[in-house]
Amino acid sequence: DNIMKNKWEESLAALSVGQQFAYKVKDDARKDKIRRYAPLILLVIMTMIGAVSQKDFFTWGNVVNIMYQMSIPLVISVGLTYVLLLGSIDLSIEGVMGFAGSFVAFLVVNNSNSNDFGILFVILISTFIGAITGIIHVKARIATFIVTYAVGSIMTGVAVLVYQGTPIQVKDELFVVLSQGKFIGIPYITIIAFAIFIIGALI
């Protein structure tokens, strides 16, 4: 291996500066393609393994089940993408999402009250929490890892306080339709998730 490596380095050194630069550009482009398509390749391999090991993998019922499961992570990943592009991290997602879900379930029609509001209110509160997190990071110059972890822990606690350890059964018709309804066999929440993904990709 060392002999082949030495010969390769000698042959590379024999090239002109322009040729070496061109080679480096091509090599970097090749590595970038590998990094870009690695997740897709891994997905194809995992799909093949699933198809071989489970005979019901490609049934429509399983596809619908996968669409249900991917919807929420897809929406979350779209929002988190912008944070990662800025070189930061957001560990508060789980806590804020838990709080938003618990609070909106508490405000809409459920097994303990007959309210018919809350969605917009919870969105505004969650947006405010995100804004406060960003302000603390920027103004106080505290790392996003620390700030978001703290905010996530706080909101997890608040979420538990909201439903006081007893899960709330939502009976609001809009929530039931969005969570269980389908359009030409595709869940509504999956359609919404893909719409958000497309908007995020365009932005």
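The model is predicted, so local features need pLDDT of at least 70 and side-chain atom pairs count only at pLDDT 80 or more, while totals for chains, interfaces and linings use all residues. Residues are numbered from 1 along each chain as its sequence is written, and side-chain values use heavy atoms, with hydrogens and water left out.

**Exercise 1. What span should helix 4 have at 1.5 Å a residue, and how far apart are its end C-alpha atoms?**

Step 1. Helices are DSSP runs of H or I with at least four residues, numbered from the N terminus. Helix 4 has 15 residues.

Step 2. The expected span is 1.5 Å times one less than the number of residues, which gives 21 Å for helix 4.

Step 3. The end C-alpha atoms of helix 4 are 21 Å apart, which agrees.

**Exercise 2. At what angle do the axes of helix 4 and helix 5 cross?**

Step 1. Take axes as lines fitted to C-alpha atoms over the stretch in contact, with angles from 0 to 180 degrees between N-to-C directions. Helix 4 (residues 93-107) and helix 5 (residues 119-139) cross at roughly 155 degrees, and their axes come within 9 Å.

Step 2. That angle makes helix 4 roughly antiparallel to helix 5 (under 35 degrees is roughly parallel, over 145 roughly antiparallel, 65 to 115 roughly perpendicular, the rest oblique).

Step 3. Look at the contact (heavy atoms within 4.5 Å). Helix 4 brings residues including V96, F99 and F103, and helix 5 brings residues including F121, V122 and I125.

Step 4. Sort the residues of this contact: 11 are nonpolar, one is polar and none is charged (Ala, Val, Leu, Ile, Met, Phe, Trp, Tyr, Cys and Pro count as nonpolar, Asp, Glu, Lys and Arg as charged, and the others, Gly among them, as polar).

**Exercise 3. Which residues of helix 5 and helix 6 meet?**

Step 1. Helix 5 and helix 6 pack at about 150 degrees, their axes 9 Å apart.

Step 2. From helix 5, I129, T133, I136 and H137 meet T144, V147, T148, V151 and M155 of helix 6.

Step 3. The residues of this contact are five nonpolar, four polar and no charged.

**Exercise 4. Is T144 buried or exposed?**

Step 1. Find T144 in helix 6 (residues 144-163).

Step 2. Its relative accessibility is 14%, so T144 counts as buried (buried is under 20% relative accessible area, exposed over 50%, partly exposed in between, with a 1.4 Å probe and protein chains only).

Step 3. Beyond its neighbours within four places in sequence, T144 is in contact with S88, I89, H137 and Y149.

Notes: Helix = DSSP H or I, 4+ residues; strand = E, 2+ residues; numbered from the N terminus.
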